[in-house]
Amino acid sequence: MWPSMSWPGWLCVLSAALSAGSVLAETTVYGKVGGEVDLRPDARSVTNTIKSVLWKAGPDIAMEWEGMEIVSYRHFKGRCYLNTSTGVMTITQLTPNDSGVYTPEINDVLSTPINLIIISAVPVPTVLTSCDEETTRCTLTCDGQTTEAEEVTYRWKSDDTIVMDAIKKEYVIVKENSSGIKKFSCDLENVVSSESSQPISNPFNTAPEEQLKVSTGLTVFISLLAAVLLLGIFHRLKAGMWFYEKASMPWEADFWRKQERPARDAAVSNGTTAHGEKEQSDEETAMT
């Protein structure tokens with residue numbers, strides 16, 4: 001039989017039980033591989049000046065301080081720090097092996113256990129594209145290795161606008177609804193990190209880009225051809241003859257130097273020699 005107790009007595013017992021349950025209720029904290037994390041004791045357990053702090057990792061002591069020297073144990077040595085004013089323990093260079101339940105005792109009073117979970121940061125995603133034969137419907141995939149990153153969330157963007165109903169790894173787009181969009185990108189996120197992909201061009205708008213590439217190539221070709229022609233004309237004006245008539249090469253000084261033709265060649269070109277030879281032939285005929 002239950003002992004008789006007044007209502008105020010029962011209320012005190014119930015209040016104490018609820019208080020104890022709330023203090024010992026486990027909280028969860030996430031940390032990133034290679035990063036650091038602060039483990040904070042419940043503020044309700046730090047009511048007076050702190051005179052001693054003890055942190056346990058599972059059943060084993062990780063760090064302790066009793067007013068003098070701070071002592072770390074096992075693999076926590078050299079990478080854990082303790083704030084003796086607040087009781088906060090900081091763990092650096094986190095690894096998956098640091099995951100577990102940590103329990104603080106402040107001034108010999110047990111505080112709320114903390115479940116520490118160490119996960120990897122998400123990678124920088126890449127957007128992959130797969131379209132049907134007519135390129136009227138495409139599936140975009142936000143690709144990235146997330147095996148050790150726990151639960152991840154996806155977010156898609158069209159240009160710079162977030163697509164509110166696209167929260168999965170794959171995002172299906174249709175040409176009639178997406179032709180006005182220039183680029184697509186995706187974000188990958190978990191509780192410790194977030195990364196964004198490089199934007200990709202709208203797969204429905206590839207034809208104008210290809211036409212632009214052809215136009216650009218043609219423009220470059222015409223520009224180079226015009227430059228060669230102008231260079232040839234410049235050489236003709238400077239050297240007095242076409243470049244293919246020169247015996248020297250373009251990197252030799254004589255190639256650009258004006259070269260006078262021999263006198264006989266000039267006379268031949270003017271018809272002088274031919275005229276003289278004709279007169280001599282007429283004289284010989286008359287003498288005969």
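Predicted model: local features only at pLDDT ≥ 70, side-chain atom pairs only at ≥ 80, totals over all residues.

Colleague: How many helices and strands does the protein have?

Modeller: Five helices and 18 strands. Both are DSSP runs numbered from the N terminus: helices are H or I with at least four residues, strands are E with at least two.

Colleague: What percentage of the residues count as buried?

Modeller: Of the 288 residues, 29%. Buried means under 20% relative accessible area, exposed means over 50%, and partly exposed lies in between (1.4 Å probe, protein chains only).

Colleague: What share of the contacts comes from residues 24 or more positions apart?

Modeller: Such residues account for 54% of the contacts with a separation of 6 or more. A contact means heavy atoms within 4.5 Å.

Colleague: Why is the link of Cys142 and Cys186 called a disulfide?

Modeller: The rule asks for a pair of cysteine sulfur atoms within 2.5 Å. Cys142 and Cys186 have an S to S distance of 2.1 Å, so the pair qualifies.

Colleague: How many disulfides does a search of the whole structure find?

Modeller: Two. Cys131 and Cys138 form a disulfide too, with sulfur atoms 2.0 Å apart. That link is right-handed, with 105° about the S-S bond. Counting bonded cysteines along the chain, the pattern is 1-2, 3-4.

Colleague: Why is Cys138 called buried, and what is Cys131 called?

Modeller: Cys138 has 0% relative accessibility, so it counts as buried. Cys131 has 31%, so it counts as partly exposed. Cys80 is buried as well, with a relative accessible area of 7%.

Colleague: How do you know that Arg155 and Asp187 form a salt bridge?

Modeller: A salt bridge needs a side-chain nitrogen of Lys or Arg within 4 Å of a carboxyl oxygen of Asp or Glu. The closest N and O atoms of Arg155 and Asp187 are 3.2 Å apart, so the pair passes. Arg155 is in strand β13 (residues 153-158) and Asp187 in strand β16 (residues 183-190), 32 residues apart. Salt bridges that share partners join Arg155, Lys157, Asp187 and Glu189 into one network.

Colleague: Are Arg79 and Asp98 buried or exposed?

Modeller: Arg79 and Asp98 are buried. Their side chains meet in a salt bridge at 2.6 Å, N to O. Arg79 lies in the loop between β5 and β6, Asp98 in the loop between β7 and β8, 19 residues apart.

Colleague: Why is Arg44 called exposed?

Modeller: Its relative accessible area is 52%, so Arg44 is exposed. Arg44 forms a salt bridge with Asp42, the closest N and O atoms being 2.9 Å apart. Asp42 has 17% relative accessibility, so Asp42 counts as buried. The salt bridge count comes to six.

Colleague: What makes Leu218, Phe221, Ile222, Leu225 and Leu229 a patch?

Modeller: Patches are made of residues with over 30% relative accessible area and no salt bridge; like charges are joined within 9 Å, nonpolar side chains (Val, Leu, Ile, Met, Phe, Trp, Tyr) within 5 Å. These five form a nonpolar patch on the surface, with about 520 Å² of accessible area together. Leu218 is in helix α3 (residues 206-239). At 51% relative accessibility, Leu218 counts as exposed.

Colleague: What is the phi of Gln93?

Modeller: Near 50°, a positive value in a residue other than glycine. Gln93 lies in the loop between β7 (89-91) and β8 (100-106). Its relative accessibility is 53%, so Gln93 counts as exposed.

Note on methods. Residues numbered from 1 in each chain as written. Heavy atoms only, no water. Areas by Shrake-Rupley, 256 points an atom, 1.4 Å probe, with all protein chains shown as cover.
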